[in-house]
Amino acid sequence: MTLHLARAGFDLDLRHGEAREQALVHTLLEARVEAKSDSKCRHTGNLFIEYRHRGQPSGLAATTADRWAFEFDDDCWLIVPTGRVREAARRALAEDRRALGGDFNQSEGALVPIRWFVARTHTDHINIEGAAAA
């Protein structure tokens with residue numbers, strides 16, 4: 001005999017939660033994921049999104065990945081659909097948020113504030129109309 005009843009809507013929340021768990025499993029096991037570790041992000045709040053290396057398209061400009069996984073702190077990951085990474089990189093480039101990075105600063109990249117991915121406020125919402133392509 002049950003002493004407590006589940007709250008109204010629990011079954012819908014449970015189904016939604018289970019569906020999102022399956023989406024995560026798919027992302028981790030079946031999607032093509034480009035993994036990047038950005039040790040400076042924990043101090044700067046920016047992710048370096050490479051798009052050119054030694055003058056040749058690389059990173060975001062050459063990826064075939066469905067998603068990008070950024071390790072922004074020790075064992076702390078942010079997984080983002082590649083389309084959203086492209087949108088954010090285009091916005092960053094339109095705002096002249098460029099930097100050299102990688103080994104011996106031979107890569108060109110966009111500096112994307114990590115908050116653009118996690119804080120979707122009216123001021124952080126990605127709007128790339130008219131922005132240069134990455």
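Mentor: Before we sort any residues by class, note that Ala, Val, Leu, Ile, Met, Phe, Trp, Tyr, Cys and Pro count as nonpolar, Asp, Glu, Lys and Arg as charged, and the others, Gly among them, as polar. The model is predicted, so local features need pLDDT of at least 70 and side-chain atom pairs count only at pLDDT 80 or more, while totals for chains, interfaces and linings use all residues. Residues are numbered from 1 along each chain as its sequence is written, and side-chain values use heavy atoms, with hydrogens and water left out.

A pocket is an open set of points on a 1 Å grid over the protein atoms alone, where a 1.4 Å probe fits and protein lies on both sides within 12 Å along at least five of seven lines, and a lining residue has an atom within 4 Å of a point. The largest pocket has a volume of about 370 Å³, volume being the space filled by probe spheres set on the points. Its lining is made of 16 residues, of which Asp38, Lys40, Phe48, Gly101 and Gly102 are the closest to the centre of the pocket. Sorted by class, the lining of this pocket holds 6 nonpolar, 6 polar and 4 charged residues.

Now look for the strands (DSSP runs of E, at least two residues long, numbered from the N terminus).

With strand β7 (residues 107-113), β2 runs antiparallel and is joined by 7 bridges; if you find glutamate 50, you will see glycine 109 of β7 standing opposite. β2 also pairs with strand β3 (residues 56-57), again in the antiparallel sense, over 2 bridges, and here arginine 52 has proline 57 in β3 as its bridge partner. The hairpin of β2 and β3 has 2 residues between the strands, and arginine 54 takes a positive phi near 50° in this hairpin.

Threonine 63 is classed as buried because its relative accessible area is 13%, where buried means under 20%, exposed over 50% and partly exposed in between (1.4 Å probe, protein chains only). Threonine 63 and tyrosine 51 are 12 residues apart along the chain, and their C-alpha atoms are separated by 9.3 Å.

β4 and strand β5 (residues 76-81) form an antiparallel pair over 6 bridges, with aspartate 73 standing opposite cysteine 76 in β5. This hairpin of β4 and β5 likewise has 2 residues between its strands, and in it aspartate 75 takes a positive phi near 55°.

Technical notes
Pairing = 2+ DSSP bridges. Helix = DSSP H or I, 4+ residues; strand = E, 2+ residues; numbered from the N terminus.
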